[in-house]
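This report describes a predicted model. It covers the nonpolar core, the sheet and its helices, and some backbone features.

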Amino acid sequence: MSNENEYFPQIAMSIVAHPDDQDFTVAGTLAKWVKAGCKVISVLITSGDSGSNDVTKDADHKPVLAKLREAEQQAANAVLGIAETVFLRYPDGELVATLALRKDLTRLIRLYKPDVVVTGDPSSWFYGNEYINHPDHRAAAEAATYAVFPSAGTRLIFPDLLEAGYEPYNVKRLYIQGSEKSDTWVDISETIDIKIEALKKHVSQVDTHEVDKWMRDWAKEVGGEKGLDFAEAYRVMILKRDEEEN
Ligand SMILES: [Zn+2]
């Protein structure tokens, strides 16, 4: 919630399956943290190369689409003030929470040492009665969660990472968006405009005329639960407390 206890990380890492996932869900929070001086690293596991149902396009189009969507994500991240963007280039629509993926994310966490990792909810299969959570979203969230714990902080998991110089590192907090057990509401009233501007960079995916009202209504609905104008909601796992909080 927006209060004197609001948490601001110094380094945060956003981990999502597809270009635009971050900007639909958590971009208001990321922009707010950036404004407060946080370095944000944006990790895209796939480059969204299946994100078209255009009947004139076949599989040859996938690399073209991947390139386009990476450029859209770079543009969105520039709007948000994100410091670094990492593309892992797994195939879109076929993502599984493999050990290889968990290891890739573990390497990135040990490299960038984020205070906070922001990702989805691996336990959310359904939203309401009309939306089945995309399997890539669940896979990304599961791999990210288990990279945070136990892999990143446990010395002898993935020993080749240790040999390559990636020392164990403990993430302090895991922010889970899309949870039905949200316990933390981030006031994004000051960054909702930036969020929408970022989202509009995903021109190949988003109806830029409709998205404005739609995103405002959604953030207003989420915020309304806590008396905030606009908010994003999370379940937050506090894995390690800052010294000053003890
Ligand atoms: Zn997605």
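## Nonpolar core

In this predicted model, the largest nonpolar core comprises 56 residues. Leu30, Ile45, Ile109, Val117, Ala140 and Ala144 have the most contacts inside it. Helix H5, residues 135-151, gives the most to this core, with seven residues. In soluble globular proteins, nonpolar side chains tend to be buried together.

Ile109 illustrates the contacts. Leaving aside residues up to four places away in sequence, Ile109 touches Met13, Pro114, Val117, Ala147, Val148, Ala152, Tyr169 and Val171.

## Sheet

The sheet is open and is built from seven strands with mixed pairing. Their order is S3-S2-S1-S4-S7-S9-S8. Strand S3 (84-90) and strand S8 (184-187) are at the edges, and each has a single partner strand, so one side of each is left without a neighbour in the sheet. From one strand to the next, the twist averages 25 degrees.

Strand S1 (residues 11-16) pairs with strand S4 (residues 116-119) in the parallel sense, over three bridges. Within this pairing, Met13 stands opposite Val117 in S4. Met13 and Val117 are also among the residues that Ile109 touches, and Val117 is one of the residues with the most contacts inside the largest core.

## Helices on the sheet

Helix H4 (residues 99-112) packs on the sheet and touches S1, S2, S3 and S4. The direction of H4 makes about 165 degrees with that of S1.

Helix H3 (residues 62-80) lies across strand S2 (39-46) and S3. Relative to S3, H3 runs at about 155 degrees.

## Backbone features

Most residues other than glycine have a negative phi, and most peptide bonds are trans. The following residues depart from this pattern.

The peptide bond from Phe149 to Pro150 is cis, with omega near 5 degrees.

Arg89 is not a glycine, yet has a positive phi of about 60 degrees. Is Arg89 buried, exposed or partly exposed? With 13 other C-beta atoms within 10 Å, Arg89 is partly exposed, because a residue counts as buried at 20 or more such atoms and as exposed at 12 or fewer.

Lys113 also has a positive phi, near 50 degrees, in a residue other than glycine. Lys113 lies in the loop between H4 and S4. Lys113 is partly exposed, with 16 other C-beta atoms within 10 Å.

Methods
Residues are numbered from 1 along each chain as its sequence is written. This is a predicted model: local features need pLDDT of at least 70, side-chain atom pairs count only at pLDDT 80 or more; totals for chains, interfaces and linings use all residues. Two strands pair if DSSP finds at least two bridges between them. Helices (H or I, at least four residues) and strands (E, at least two) are DSSP runs, numbered from the N terminus. Axes are lines fitted to C-alpha atoms, for helices over the stretch in contact, and angles run from 0 to 180 degrees between N-to-C directions. Two residues are in contact if their C-beta atoms, placed from the backbone, lie within 7 Å. A nonpolar core is a set of buried Ala, Val, Leu, Ile, Met, Phe, Trp, Tyr and Cys residues joined through C-beta atoms within 7 Å.
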